[in-house]
Amino acid sequence: MPEKILSSRIISLDAFCQNPVSSLKENDKGILTILKNYTPVMYAITPERLAQLLTIEAISKQNNNILIDNNFINDTTKINMYTPIGKYAMYNGWKPDSDFIRQAAIWGVHLNKPITDAELSIFISYWHAEGSLFHHVQWQQKFARNLKMSRESNYDKSKNHITTLSNSSLNIPEGFRG
């Protein structure tokens with residue numbers, strides 16, 4: 001996976017070759033960009049800085065397991081759920097947490113039936129094309145609000161359709177004067 005490397009100091013390849021160790025030690029951040037013909041050809045890094053970067057990478061790749069105690073439900077078990085760290089763009093294969101419907105209820109969105117594959121794929125397709133970055137919980141909240149709005153608007157279209165007649169016979173109702 002490509003990573004962005006930030007270096008506060010640059011040096012030419014010729015100058016680096018003359019005294020590489022002192023060139024690297026002079027840099028306070030531990031990363032040095034080496035240029036040849038004004039183009040980066042390599043980076044040099046101190047062992048201390050490499051250890052810091054590897055530690056940061058290891059922490060970011062760990063699963064952030066959050067144990068939620070269901071005090072408001074009579075269930076005394078705990079639920080393990082994986083939550084990705086940081087913001088990310090929507091991707092194919094994204095899924096909400098296993099207790100998504102319970103979380104949606106906490107957020108004020110009451111879903112009375114499970115999610116369908118069609119609803120999930122419509123949501124993913126739309127946001128995948130948008131390219132927006134959000135945290136996992138934000139994606140789930142967006143999905144919950146989207147489900148609420150789409151289910152409410154599709155609840156009973158026949159009641160709101162202007163060409164639907166309530167009575168199939170075309171008799172004038174009793175007492176109607178017009």
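Guide: Let's start with burial: a residue is buried under 20% relative accessible area, exposed over 50% and partly exposed in between, using a 1.4 Å probe and protein chains only. What you're looking at is a predicted model, where local features need pLDDT of at least 70 and side-chain atom pairs count only at pLDDT 80 or more, while totals for chains, interfaces and linings use all residues. Residues are numbered from 1 along each chain as its sequence is written, and side-chain values use heavy atoms, with hydrogens and water left out.

Visitor: Why is Y88 called buried?

Guide: Y88 has a relative accessible area of 14%, and that is under the 20% limit, so the label is buried. Across the protein, buried residues make up 24% of the 178 residues.

Visitor: What makes Y88 and Y91 a tilted pair?

Guide: A pair of aromatic rings is described by the distance of the centres and the angle of the planes. Rings of Phe, Tyr and Trp (its six-membered ring) pair if their centres lie within 6.5 Å; planes under 30 degrees apart are stacked, over 60 edge-to-face, and the rest tilted. That rule gives 11 aromatic pairs. For Y88 and Y91 the centres are 5.8 Å apart and the planes stand at 50 degrees, so the pair is tilted.

Visitor: And how do you know that Y126 and W127 are edge-to-face?

Guide: Their centres are 5.1 Å apart, with 90 degrees between the planes; that angle is over 60, so edge-to-face it is. Y126 is partly exposed at 48%, whereas W127 is buried at 15%. Both belong to a cluster linked by ring pairs, together with W94, F100, F123, F134, W139 and F143.

Visitor: What makes K142 count as lying over the face of F134?

Guide: A charge sits over a ring if NZ of Lys or CZ of Arg is within 6 Å of the ring centre and within 35 degrees of the ring normal. K142 lies over the face of F134, at 4.7 Å from the ring centre.

Visitor: Where does Q140 sit?

Guide: Q140 is in helix 6, residues 136-153. Helices are DSSP runs of H or I with at least four residues, strands are runs of E with at least two, and both are numbered from the N terminus. By that count the protein has 7 helices and 7 strands.

Visitor: Why is Q140 called buried?

Guide: Its relative accessible area is 0%, which is under 20%, so Q140 is buried. Setting aside neighbours within four places in sequence, Q140 is in contact (heavy atoms within 4.5 Å) with W94, P96, D97, F100, Q103 and W107.

Visitor: What does the side chain of Q140 reach at 2.8 Å?

Guide: The backbone nitrogen of D97. A polar contact is a pair of N or O atoms within 3.5 Å; within protein, one must be able to donate a hydrogen and the other to accept it, and residues adjacent in sequence count only if both atoms are side-chain atoms. S23, in helix 2 (residues 20-25), has a side chain that reaches the backbone oxygen of N19 at 2.8 Å.

Visitor: Why does S23 count as buried?

Guide: S23 has 6% relative accessibility, under the 20% limit, so buried is the word. Beyond four places in sequence, S23 is in contact with R9, I11, A15, F16 and L32. L24, also in helix 2, counts as buried at 14%, and contacts residues including G30, L32 and T46.
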